[in-house]
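Here is a look at the side-chain contacts in one protein model. Have the sequence and the 3D view open while you read.

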Amino acid sequence: MHDLPTRGSSSGLTSRVLAPWALASVLLLGGASGCAPDATFPEESLPLQSTAQPALSLNGIELNGIELNGTNLNGTNLNGTNLNGLSAIGLNTPDFRAWFNQDVTRHATLMKYVVQCAVPAGQQRTFMNLQTLTPYTWSGALGLAPDWASGQPATTAELRIVSACLAAHVNPYGQHVSISVLGLDAKGQPTPYTSEELESHGLREGCFFGDLFQNEPVLFVGNDGLSLRGGESTSRACALGSSLQGCAPLVHVGQCEDVCTLDASGTFYTSCTWNGVTYPPITTRVRQTDLYRCGDGVCQVTEHCGMGMSAASCGLDCGSC
C-alpha cells in the first residue's frame, strides 16, 4: 500500500442545523495537561474538567482526551441558531458570544476539538472574547468538513463526520492516549496516513459514528476486533467495552464489521448503518503499549486495589485495600 500525503504539523449547515457550539452545553470537554512527548497528533479525551492544551499534529495520530463522565449529550440547539460557517463571521455572532461566555473554559476546549476535527492542518480560527478581552486561537488538523471550514453552511455529511470525530476522542478517564484516526472526509477523501502510523498503532480499536447536531442526538461505537484479555485494561474503555460505563450517550453496536463497510484496502471503514440510517464513521487504532496489564508494576488509572489479578482488583500494582 502506498503512503498517502501526511497531515503536516501546525505551529456549511445546509440542512436542519444546530449551532455547533450548542454541542458544548451538553458535551463538556477539557484535557489534562502534559501530553506524552511522542504523541504525534492529539486524540484528546473530552474531559469534563480541566484546561485546554495546544493541539499537536503530525501524520494521522491524535491524542485522546474527551471525558464524558456519564454526561448525557442531550440535544440542546441554542434556538436552532445557524453558524455562518467556521469563519470569523460565524464566530462573532451575538449567539456564539453569549454561548461561549456561559462556561468559558469548557466551551473554549470544545471549540478546540470542533476546529481540530473540521478544519485542515495549517489553518487556525481565532476568536476575541469581548467580555474578558481574551483572544483564543484554535488549530485545524483533520479537515473533515471542508465546506464548513471555508465559511459555508455545513452539510449533513459534515455534521455527522465531525460528530464521529468528537466521539472518537472520548475517554472516560480524561487521559491522553495516542491513537490513529482514519476515515473519509465529508467529500469522500481519505484522511492522510502513513505505513509507519499503521505500524506504530498496530491494534485496530473501534469505529465511531452518529449525529450530535440533530434534535435527538445519537452516537454509536463498535469494537474493531480488539478485545481485552484477563487482567488487561485501557483508558479507551468507551471503544473497547460493551457496558460503556461512564460513556453515555455512546451506544455499543457490537463488532464494526457487522454494521460497517471497509474501504478497498481494508484499512478503515467508509460507512456504518444502524437502525436504517447510514453514517460516515471514524476508525481508530491504538498502540500495544496503551493496553495495561495487572502485574506490570504500575497502578494505572484503570486499576484498583485488591487481592486479585484483574484491573478491578489488582493487588500487584495497587496494593491491597
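What follows goes through the disulfides, the salt bridges, the aromatic contacts and a surface patch.

Keep in mind that this is a predicted model, with local features needing pLDDT of at least 70 and side-chain atom pairs counting only at pLDDT 80 or more, while totals for chains, interfaces and linings use all residues. Residues are numbered from 1 along each chain as its sequence is written, and side-chain values use heavy atoms, with hydrogens and water left out.

**Disulfides**

Searching the whole structure turns up six disulfides, where the term stands for a pair of cysteine sulfur atoms within 2.5 Å. The table gives three of them, including how far apart the sulfur atoms sit.

| Disulfide | S to S distance |
|---|---|
| Cys-207 and Cys-256 | 2.2 Å |
| Cys-299 and Cys-318 | 2.0 Å |
| Cys-305 and Cys-321 | 1.9 Å |

Take the link of Cys-207 and Cys-256: the angle about its S-S bond is -105°, which makes it left-handed. Cys-207 belongs to strand β5 (residues 203-211) and Cys-256 to helix α7 (residues 256-259), so this pair ties together parts that are 49 residues apart in sequence. Helices here are DSSP runs of H or I with at least four residues, strands are runs of E with at least two, and both are numbered from the N terminus. Both Cys-207 and Cys-256 are buried; that word means under 20% relative accessible area, with exposed being over 50% and partly exposed in between (1.4 Å probe, protein chains only).

The link of Cys-299 and Cys-318 is right-handed, at 100° about the S-S bond. Cys-299 is in the loop between β13 (292-293) and β14 (309-310) and Cys-318 is in helix α8 (residues 315-318), so the two tie together parts that are 19 residues apart in sequence. With a relative accessible area of 41%, Cys-299 is partly exposed.

Cys-305 and Cys-321 also make a right-handed link, with 105° about the S-S bond. Here Cys-305 lies in the loop between β13 and β14, and Cys-321 in the segment after α8, so parts that are 16 residues apart in sequence get tied together. Cys-305 is partly exposed at 30% relative accessible area, while Cys-321 counts as exposed at 74%.

**Salt bridges**

The structure holds six salt bridges, each one a side-chain nitrogen of Lys or Arg within 4 Å of a carboxyl oxygen of Asp or Glu. In one of them, Arg-160 meets Asp-211, and the closest N and O atoms are 3.4 Å apart. Arg-160 is in helix α4 (residues 156-168) and Asp-211 in strand β5, so the pair ties together parts that are 51 residues apart in sequence. Both Arg-160 and Asp-211 are buried.

Strand β5 shows up again in the bridge of Glu-205 with Arg-236, whose closest N and O atoms are 2.8 Å apart. Arg-236 is in the loop between β7 (232-233) and α6 (237-240), 31 residues from Glu-205. Glu-205 is buried, as is Arg-236.

Then there is Arg-229 with Glu-232, where the closest N and O atoms are 3.2 Å apart. Arg-229 counts as exposed at 61% relative accessibility, whereas Glu-232 counts as buried at 13%.

**Aromatic contacts**

There are 16 aromatic pairs in the structure. Rings of Phe, Tyr and Trp (its six-membered ring) pair if their centres lie within 6.5 Å, and planes under 30 degrees apart count as stacked, over 60 as edge-to-face and the rest as tilted.

Trp-148 and Phe-213 are an edge-to-face pair, 6.3 Å centre to centre with 90° between the planes. Trp-148 lies in helix α3 (residues 146-149) and Phe-213 in the loop between β5 and β6 (218-223), so this contact ties together parts that are 65 residues apart in sequence. Trp-148 and Phe-213 are both buried.

Phe-220 and Trp-274 have ring centres 6.1 Å apart and planes at 50°, so that pair is tilted. Phe-220 sits in strand β6 and Trp-274 in strand β10 (residues 269-274), so parts that are 54 residues apart in sequence are tied together. Phe-220 counts as buried at 6% relative accessibility, and Trp-274 as partly exposed at 26%.

One aromatic cluster is formed by Phe-96, Trp-99, Phe-100, Phe-127, Tyr-136 and Trp-138.

**Surface patch**

Met-128, Leu-130 and Leu-133 make a nonpolar surface patch of about 310 Å². Patches are made of residues with over 30% relative accessible area and no salt bridge, joining like charges within 9 Å and nonpolar side chains (Val, Leu, Ile, Met, Phe, Trp, Tyr) within 5 Å; the areas come from the Shrake-Rupley method with a 1.4 Å probe, and for residues only the protein chains shown count as cover. Met-128 lies in strand β2 (residues 124-129) and counts as partly exposed at 34% relative accessibility.
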